[in-house]
Amino acid sequence: MRTPSGIECDYFYGDYYRGRSTEECRLLQASGERWSADLCKTCPVPGISRANACKFLRLHAKVTRPVGALFARRVEVTAYCEKNNRNVTEPQIGCGECHPIPPIFEGKK
Ligand code: SF4
């Protein structure tokens, strides 16, 4: 579904039927975090979903405010591979087990 920022996101839910205006982020909701529409503008999740459609990748999101209260709230994402049971440092790329990264991209020959 399209977020208030106009980006497709699998985790956004909006119900506008018959005057309703329910909007939720199901990913932040699962973490017990409070969502507001401004978070979607800078959220990395839609980009991660576009780059990596691996069915074993599980995302976890939390809301942070970088450098104290100086900057706006942001969504910070961590990823986990349920197949290999390990954290994924680059969620856009994945853990590299199912879809190995060609050596040329790792700087190896
Ligand atoms: S905050 Fe991120 S994950 Fe949540 S609905 Fe917005 S774009 Fe999607």
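How many residues surround the ligand, and which are the closest? The ligand is surrounded by 13 residues, and Cys9, Phe12, Cys25, Cys40 and Cys43 are the closest. A residue is near a molecule if its C-beta atom, placed from the backbone, lies within 6 Å of it. This is a predicted model, in which local features need pLDDT of at least 70, side-chain atom pairs count only at pLDDT 80 or more, and totals for chains, interfaces and linings use all residues. Residues are numbered from 1 along each chain as its sequence is written.

**The ligand shell**
- Helix 1 (26-30), helix 2 (39-42) and helix 3 (45-51) each give two or more residues to the shell; helices (H or I, at least four residues) and strands (E, at least two) are DSSP runs, numbered from the N terminus.
- The shell has 12 nonpolar residues, 1 polar residue and no charged residues; nonpolar covers Ala, Val, Leu, Ile, Met, Phe, Trp, Tyr, Cys and Pro, charged covers Asp, Glu, Lys and Arg, and polar covers the others, Gly among them.

- An open sheet is formed by 3 strands in the order 3-4-5, with antiparallel pairing; two strands pair if DSSP finds at least two bridges between them.
- Strand 3 (57-64) and strand 5 (86-88) each have a single partner strand, so one side of each is left without a neighbour in the sheet.
- Strand 3 pairs with strand 4 (residues 74-81) over 8 bridges, and His60 stands opposite Thr78 in strand 4.

**Ala61**
- Ala61 belongs to strand 3.
- Ala61 is buried because 23 other C-beta atoms lie within 10 Å; the cut-off for buried is 20 or more, while exposed is 12 or fewer and partly exposed is in between, with C-beta atoms placed from the backbone.
- The C-alpha atoms of Ala61 and Gln29 are separated by 9.2 Å, although these residues are 32 residues apart along the chain.
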